[in-house]
There are 2 protein chains.
Amino acid sequence: MTKRTIPQRRFIKPSFNYLIEKKRDGQEFTQEEIRYIIDSTLDGEMPQHQLAALLMAIYFQQMSAQETAILTEEMMLSGEVIDLSEIAKPKIDKYSTGGVGDKTSLVLVPLAMASGVVVPMMCGGEHDYVISTLQKLASIPGLKTDISIEAFVSQLAKINGAIVAQSEDLAPADAKFHELRKETGTIPSLPLITGSVLSKKLAEGSEGLVIDVKWGNGSFIKDLEQAKQLARSMTRVGRSMKRRCVALVTDMNQPLGDSVGTALEIKEAIALLKGEGPEDMQELVLKLGMEIVRLAGVAGSTLSAKQTVQRHLTDGSALEKFKELVKAQGGDVSFIDNPDKFPKAKYIRKLPAPKRGYVHTINAAMIARGVHLLGAGKEKAGDKVDHAVGVSEIKKVGTQVKQGEPLMMIHYNDESKLEAALGYFKDAYRLAPKRPTPPPLVVERVA
Amino acid sequence: MTKRTIPQRRFIKPSFNYLIEKKRDGQEFTQEEIRYIIDSTLDGEMPQHQLAALLMAIYFQQMSAQETAILTEEMMLSGEVIDLSEIAKPKIDKYSTGGVGDKTSLVLVPLAMASGVVVPMMCGGEHDYVISTLQKLASIPGLKTDISIEAFVSQLAKINGAIVAQSEDLAPADAKFHELRKETGTIPSLPLITGSVLSKKLAEGSEGLVIDVKWGNGSFIKDLEQAKQLARSMTRVGRSMKRRCVALVTDMNQPLGDSVGTALEIKEAIALLKGEGPEDMQELVLKLGMEIVRLAGVAGSTLSAKQTVQRHLTDGSALEKFKELVKAQGGDVSFIDNPDKFPKAKYIRKLPAPKRGYVHTINAAMIARGVHLLGAGKEKAGDKVDHAVGVSEIKKVGTQVKQGEPLMMIHYNDESKLEAALGYFKDAYRLAPKRPTPPPLVVERVA
């Protein structure tokens, strides 16, 4: 039989104007067009002003499920894709859209590791004053999150998990997109968020992904319906790229747990790893942990998933894995054994309730802003983070308080920074005479 | 009485991100914000990619009538505003969104001049292959359209009219906007078109403006409803800036008149200035001419407006004024007296009807493209325009033709350019067995 030559369909580069107008008019891009946009973004052929206009057109006209999947895949393929096939264990990652006081990753990664699940976690930096997992880990002396891909993979093979900074070699097209999106009001576009998150996450080599989509005043997604849409968009694209994906839509209308800060949150995470700690965090860890072990195939039924998670938290194996991770990344494990070693703030004062009543709402974004002002975040590159500052013993929505009773404790080192922060903390709390019904912690499960 | 100090409200510069997000979310800009956008565009403070995103957000979210008026005024005030108050005559300008075969300005300006109306007309260049008034005038040897504002004003004072190239000193902010709009798919935004056109037109010093908004396959506005909206937007803004404004929404679903080309259209204009020429052009000249003399206050009633226009066309005074204008701008008047002096094409051939029937539709944009390919337009800067080429004796929509009968005559100098042009001409015509009803020439009057 003679070999037939199949004529390659030639892709004729369209003008950038044509592409902008096509999306502006609500039409769907082809795979070739999306690849061309990504390529031209990477090599700088597409001028920034035209890409900016295109991103805004995408914001308004959206992208179809298929376009979003292609965008994600092409962005992923713009850089290195880590191959973890040599590690013969289930590999599941977890992603959260980000929330105030959310220290679940610090608990879930060791928990999954203890369950025999490999978690190749790369994280981004702070956004909207929300302290990132990396910034929290930085409060542990010596701990490094900026490691090579080789070291990352070998750590995964050795101890099942790693929490490191996003490698620039993964999905570099996303970095270019993201930089421009920040300056053009196009951050909140669902297909662009989906492409941005999943292109990086799926390049990390995991077979599955548990996604925590947060909605509320402490999330960049204020609208529940939008959060549900994002959860659907992400799981759909994940599936179309042959990854197991589950998303939980969860509440971010008040800080998670009892504390917000870097070391303060590490301490809370250590408590949670011992099966202790605040109720809401315990619930979230349980729910997300169950998804991870089920997605990994470690547990089949809901019951066995629950038992697996609870066992690893109570028998000390999750905490042990956290210590292994800290040690592997060069951190001082004695801080985990003895959390009292973490630096303490010079001053601790209460935020007094201005009247009696029930905590009706807490604006989590304002809490984050206040903690940032105390020194937990960087105002500019080069600033030193103050790991001692933050807030603790947060009175949550629905709690009854008397006048003057503490709504929370403020940890600070610098009197001059207190005043501005205090303004945010005060404004964040609203008290009401009647007990409110707090929204459910997990609103929806999308699989 | 002591003089009270009124505290000036201070405008705190917002971030460009804030402005983009504000418009993205459909909110209205304040006067200070629009002025700040214009200022930052002019001095280059606002990065191109942020302005591009803003323009696309405006495309989708529109601008209110008030915002559009402010935009227009601020763009106008970004440059020189010509003061014609020394000229004690009514000053009315005319603007068309552009159409194929549209030579009305060449007739209307002298007609208005003859009626005692001053017409300070500045024109832009070719767009979408539509030959501009300036390109047509360039077929008259010696005629200059690139003159100083001083010479422009003194010519107006002397002979009532001038047709010159847009001065860069007028509305320079618009030039910056326009350059970016061309590359970002934001040309068809109604408020941006309104601002762009009126900021320049109203800087020319006229007291009133007659606007011809064309809709159809030969206009950049394909949709009648959009054309009506633009007409309303422009007259509304014109009025809010205390100018008399009338807009006619007219048909551009086939070429206007009998010919398309540079010298060919000048010849048709000369015929029209003698009260002759094709019917549709005569009608359009009459309708627009009547609007000009009424807006100028030269004629009160419809009847007297009609008589004024017709008198100046039949008594030779309009033609005389055209010669004065040509002479004032350095052109060779003998070409107007004897149009046979214009260069003729080496070859003239017919476009034969492929079958018998009625001309059902003519795609005017394709005719323009074909004429452009024959050499009537510039492919790139520096190219020489061929003033002899074009098409004439165009069979209009509704005309009955036999097979092989000419649909039009093609004037060309270069065999090698004919083939591609011919493809456009053939494709432009659609014949049908039944006589179609052509759309009305003037669809709506907006005042």
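Predicted model: local features only at pLDDT ≥ 70, side-chain atom pairs only at ≥ 80, totals over all residues.
Good morning. Of the interface residues of chain A, 100% are also interface residues in chain B, so the copies meet through the same surface.

Let me begin with the relation between the two chains. Chain A is superposed on chain B by a rotation of 180°, with 0.1 Å of shift along the axis and an RMSD of 0.0 Å. The two copies are therefore related as by a two-fold rotation axis. Which residue of chain A has the C-alpha nearest that axis? The residue is His49(A), whose C-alpha lies 1.9 Å from the axis.

I turn to the interface itself. Chain A contributes 21 residues to the contact, and chain B contributes 21 residues. Between the two chains an area of about 1700 Å² is buried, with carbon and sulfur atoms giving 63% of this area. On the side of chain A, Arg24(A), His49(A) and Phe60(A) supply 36% of the area that the chain buries against chain B, more than any other three residues.

What polar interactions cross the interface of chain A and chain B? The rule finds zero salt bridges there. It does find eight residue pairs in polar contact across the interface, both residues of each pair being at pLDDT 80 or more.

Which elements of chain A give two or more residues to the side that touches chain B? They are α1 (16–24), α3 (48–61) and α8 (172–183). The largest share, ten residues, comes from α3(A). Sorted by class, this side of chain A has nine nonpolar, seven polar and five charged residues.

Next, the architecture of a single chain. The domain assignment of chain A gives domain 1 as 16–61, domain 2 as 92–337 and domain 3 as 344–432. Taken over C-alpha atoms, the centres of domain 1 and domain 3 of chain A are 43 Å apart.

One example is the salt bridge of Asp93(A) with Lys201(A), in which the closest N and O atoms are 2.7 Å apart. Asp93(A) lies in strand β1 (residues 92–96) and Lys201(A) in helix α9 (residues 190–203) of chain A, so the pair ties together parts that are 108 residues apart in sequence.

Ala114(A) is located in helix α5 (residues 104–114) of chain A. Leaving aside residues up to four places away in sequence, Ala114(A) touches His312(A), Ser317(A), Ala318(A) and Lys321(A). From Ala114(A) to Phe322(A) the C-alpha to C-alpha distance is 9.1 Å, while the two residues are 208 residues apart in sequence. Thank you.

How values were computed
Residues numbered from 1 in each chain as written. Chains lettered and ligands numbered in written order. Heavy atoms only, no water. Contact = heavy atoms within 4.5 Å. Buried area = accessible area lost by both parts, 1.4 Å probe. Salt bridge = Lys/Arg side-chain N within 4 Å of Asp/Glu carboxyl O. Polar contact = N/O pair within 3.5 Å; in protein donor to acceptor, adjacent residues only side chain to side chain. Helix = DSSP H or I, 4+ residues; strand = E, 2+ residues; numbered from the N terminus. Nonpolar A, V, L, I, M, F, W, Y, C, P; charged D, E, K, R; others polar. Domains from an automatic or database assignment. Least-squares fit on C-alpha atoms with pLDDT ≥ 70 in both.
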